[in-house]
Amino acid sequence: MTIYIALLRGINVGGHNKIIMAELRNSLEQLGLQNVKTYIQSGNILFESDETEELLQSKIHNKIKDDFGVSSVVIIRTAEEIQQIVSQSPFSKQEISEADNTCKGECLHVALLPTAPSIANSDKFLSFVNERELSVINGRDVYLLFYDSIRNAKLGNNLKKLEIPATVRNWKTLMKLSSMAEEVKHMKSE
């Protein structure tokens with residue numbers, strides 16, 4: 001069985017698309033997903049399955065729509081892909097430390113996409129990079145480093161230029177999801 005992490009877009013944000021995580025876990029268990037765990041209220045779900053990413057995306061999206069009346073983009077990564085994201089940050093420790101010292105809120109984020117953006121759309125998006133907002137696109141993942149704040153940031157506001165739906169998670173959330181996946185792997189190996 002593969003350990004997957006599903007990241008839902010726009011769940012429990014600003015009072016919209018409210019879903020109680022215990023109810024979400026129960027709903028997804030009905031799909032046959034194993035070891036379903038959630039982390040915080042924004043729709044981060046760790047589970048095990050033998051099914052493909054594409055099939056799981058469709059099944060989870062439809063189940064959430066049917067059970068909760070919410071149509072949310074579902075982005076899926078394997079545990080290994082999440083671990084690669086956190087181990088391959090394109091920003092130096094010094095850059096992250098400097099940004100952390102000046103940023104209001106979290107400075108490091110990753111926008112996760114279902115597919116890699118086109119070169120043309122990537123170039124459009126990257127044209128908004130400046131000395132206070134940095135970004136590196138690595139396949140389906142867009143690393144974002146903010147020296148001020150993600151709120152009202154040109155990069156954050158222009159993710160739509162990629163023309164692919166994205167869901168953004170801060171670094172602490174990705175580190176926690178990676179840690180949760182490691183715990184599941186460790187339990188399986190005992």
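1. Start with Leu174. Leaving aside residues up to four places away in sequence, Leu174 touches Ile82, Ile85, Val86, Val110, Leu112 and Arg169; contact here means heavy atoms within 4.5 Å. A word on the source: this is a predicted model, where local features need pLDDT of at least 70 and side-chain atom pairs count only at pLDDT 80 or more, while totals for chains, interfaces and linings use all residues. Numbering runs from 1 along each chain as its sequence is written, and side-chain values use heavy atoms, with hydrogens and water left out.

2. Helices (H or I, at least four residues) and strands (E, at least two) are DSSP runs, numbered from the N terminus. In soluble globular proteins, nonpolar side chains tend to be buried together.

3. Next, strand 5 (residues 108-112). Its 5 residues are all buried, so the strand is largely enclosed by the rest of the structure. Buried means under 20% relative accessible area, exposed over 50%, and partly exposed in between (1.4 Å probe, protein chains only). Leu108, Val110 and Leu112 point one way, His109 and Ala111 the other.

4. Who are the neighbours of strand 5? Strand 7 (residues 141-146) runs antiparallel to strand 5 and is joined to it by 5 bridges, with Tyr143 as the bridge partner of Val110. Strand 8 (residues 167-170) also pairs with strand 5 in the antiparallel sense, over 4 bridges, and there Thr167 stands opposite Leu112. Two strands pair if DSSP finds at least two bridges between them.

5. Now the largest pocket, with a volume of about 750 Å³. Of its 24 lining residues, Val13, His109, Ile150, Arg151 and Val168 are the closest to its centre. Strand 8 gives the most to the lining, 4 residues. The lining divides into 8 nonpolar, 11 polar and 5 charged residues.

6. On how the pocket was found: on a 1 Å grid over the protein atoms alone, a pocket is an open set of points where a 1.4 Å probe fits, with protein on both sides within 12 Å along at least five of seven lines; lining residues have an atom within 4 Å of a point.

7. Asn121 sits in helix 5 (residues 119-126) and is buried, with a relative accessible area of 11%. Beyond four places in sequence, Asn121 touches Lys161, Leu162 and Glu163. Glu95, in helix 4 (residues 93-102), is partly exposed at 26%.

8. Last, a hairpin. Strand 2 (residues 34-39) and strand 3 (residues 44-49) pair in the antiparallel sense over 4 bridges, and Gln34 stands opposite Glu48. There are 4 residues between the strands, and Ile40 takes a positive phi near 45°.

Terms used:
Grid points are joined across faces, edges and corners, and a volume is the space filled by probe spheres set on the points. Ala, Val, Leu, Ile, Met, Phe, Trp, Tyr, Cys and Pro count as nonpolar, Asp, Glu, Lys and Arg as charged, and the others, Gly among them, as polar.
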